[in-house]
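Please look over this protein before reading on.

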Amino acid sequence: MRVLFIGDVMAEPGLRAVSLHLPDIRDQYDLVIANGENAARGKGLDRRSYRLLREAGVDLVSLGNHAWDHKEVYELLEREPVVRALNYPPGTPGRGWWRLSAGGESLLFVQVMGRIFMDPLDDPFRTLDALLAQEKADYILVEVHAEATSEKMALAHYLDGRVTAVLGTHTHVPTLDTMRLPKGTLYQTDVGMTGTYASIIGGEVETFLARFLTGRPQPFRAAQGRARFHATELVLEGGKGVSIGPYVWEEP
């Protein structure tokens, strides 16, 4: 099974990159998953951004700390293959995992959110323990949407040997640390952002700079410019992760 995970799709440049490039390579992969929590103008997911991702060939969309920025997401969570963090408190709309299949094999996708420098959700470690005790699949892919590198690494080592792969998102900065952990789990600290890198983590440079220079809140504006497509490729076979590597494409 070949899986492509697309890093945080950021605003119009990110949507454009996915729409332009994914259809050209879609037939190389059995499953495509994308983090879409910044797809709608830089914050949240709405019907339009979800539709564009799906039309390009994305099978499943994950969210993050901007999950609730658009009211339309409640309907998407109820009806569509859209996943929010598993470790929200009980009773939160939507679900934190989704089961996909391809070629007669199953993949369980799960997202958890970190708690360091993030909203204080339920414990992602114990929340994952509870799910893994109940749900089984040929392969398990965990997305850790978190700020702190240490927390992502800690979760990966905690899950090593129990899940197939752990991929980090949220910081919008790709890391060159794809690896196999001692017990076989594939890992990368952050897949990176699909959007314009002529920005500050996808935001307009001037307004972000003003935050630092003045110490005062500024209106958020997503940056515009040439897009880059950042993703991670996973090759899974025989119930194990075979290989992991970055995939990058830049808009001409």
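A residue counts as buried when its relative accessible area is under 20%, and as exposed when that area is over 50%. The model shown here is predicted.

**Helix H6**

Those cut-offs apply directly to helix H6. The face of H6 turned away from its buried side carries three exposed residues: Glu-206, Phe-212 and Leu-213. The buried residues of H6 are Thr-207, Phe-208 and Ala-210. Around the axis they cover an arc of only 155°, so they sit on the same side of H6.

Take Thr-207 as one case. Thr-207 belongs to helix H6, which runs over residues 205-214. Its relative accessible area is 6%, so Thr-207 is buried. Leaving aside residues up to four places away in sequence, Thr-207 touches Gln-218, Pro-219 and Arg-221. Just after H6 comes Gly-215, with a positive phi of about 70°.

**Helix H2**

Helix H2 spans residues 47-56, and its buried residues are Ser-49, Tyr-50, Leu-52, Leu-53 and Ala-56. Seen down the axis of H2, these buried residues fall within an arc of 160°, so they line one face of the helix.

**The annotated span**

The UniProt record, an unreviewed entry, places the feature "domain: Capsule synthesis protein CapA" at residues 2-178. In the model, this span is 31% helix and 24% strand. The end C-alpha atoms of residues 2-178 lie 16 Å apart.

**The start of the chain**

Met-1 sits in the segment before strand S1 (2-6). Is Met-1 buried or exposed? Met-1 has a relative accessible area of 13%, so it is buried. Residues up to four places away in sequence are again left out of its contacts. Met-1 then touches Asp-30, Leu-31, Ala-102, Glu-105, Ser-106, Leu-107, Tyr-139, Leu-234, Val-235 and Leu-236. Met-1 and Gly-241 are 240 residues apart in sequence. In space, their C-alpha atoms are 9.4 Å apart.

One of the partners of Met-1 is Ser-106. Ser-106 lies in strand S6, residues 105-113. With a relative accessible area of 16%, Ser-106 is buried. Not counting residues up to four places away in sequence, Ser-106 touches Met-1, Arg-99, Leu-100, Ser-101, Ala-137, Asp-138 and Tyr-139.

**Two histidines in a loop**

His-170 lies in the loop between strand S8 (165-169) and strand S9 (179-180). His-172 is found in the loop between S8 and S9 as well. Neither value of phi below belongs to a glycine. Phi of His-170 is positive, near 110°. His-172 has a positive phi of about 65°. His-170 counts as buried because its relative accessibility is 13%. For His-172 the relative accessibility is 6%, so it counts as buried.

Rolling a probe the size of a water molecule over the atoms shows where empty space is left.

| Pocket | Volume | Lining |
|---|---|---|
| Largest pocket | about 340 Å³ | 18 residues |
| Second largest pocket | about 180 Å³ | 15 residues |

Which residues of the lining lie nearest the centre of the largest pocket? They are Asn-38, Asn-65, His-66, His-170 and Ile-201. By class, the lining of the largest pocket has six nonpolar, seven polar and five charged residues.

In the second largest pocket, Gly-161, Val-163, Thr-164, Gly-239 and Lys-240 lie nearest the centre. Two elements give two or more residues to this lining: strand S7 (139-145) and strand S13 (240-250). The lining of the second largest pocket divides into four nonpolar, six polar and five charged residues.

Notes:
Residues are numbered from 1 along each chain as its sequence is written. This is a predicted model: local features need pLDDT of at least 70, side-chain atom pairs count only at pLDDT 80 or more; totals for chains, interfaces and linings use all residues. Side-chain values use heavy atoms; hydrogens and water are left out. On a 1 Å grid over the protein atoms alone, a cavity is a set of points where a 1.4 Å probe fits but cannot get out, and a pocket is an open set with protein on both sides within 12 Å along at least five of seven lines; lining residues have an atom within 4 Å of a point. Grid points are joined across faces, edges and corners, and a volume is the space filled by probe spheres set on the points. Ala, Val, Leu, Ile, Met, Phe, Trp, Tyr, Cys and Pro count as nonpolar, Asp, Glu, Lys and Arg as charged, and the others, Gly among them, as polar. Helices (H or I, at least four residues) and strands (E, at least two) are DSSP runs, numbered from the N terminus. Buried means under 20% relative accessible area, exposed over 50%, partly exposed in between (1.4 Å probe, protein chains only). Contact means heavy atoms within 4.5 Å. The arc is that of the directions from the helix axis to the C-beta atoms. UniProt positions are given in the numbering used here, feature names are shortened, and annotations may be inferred rather than shown by experiment.
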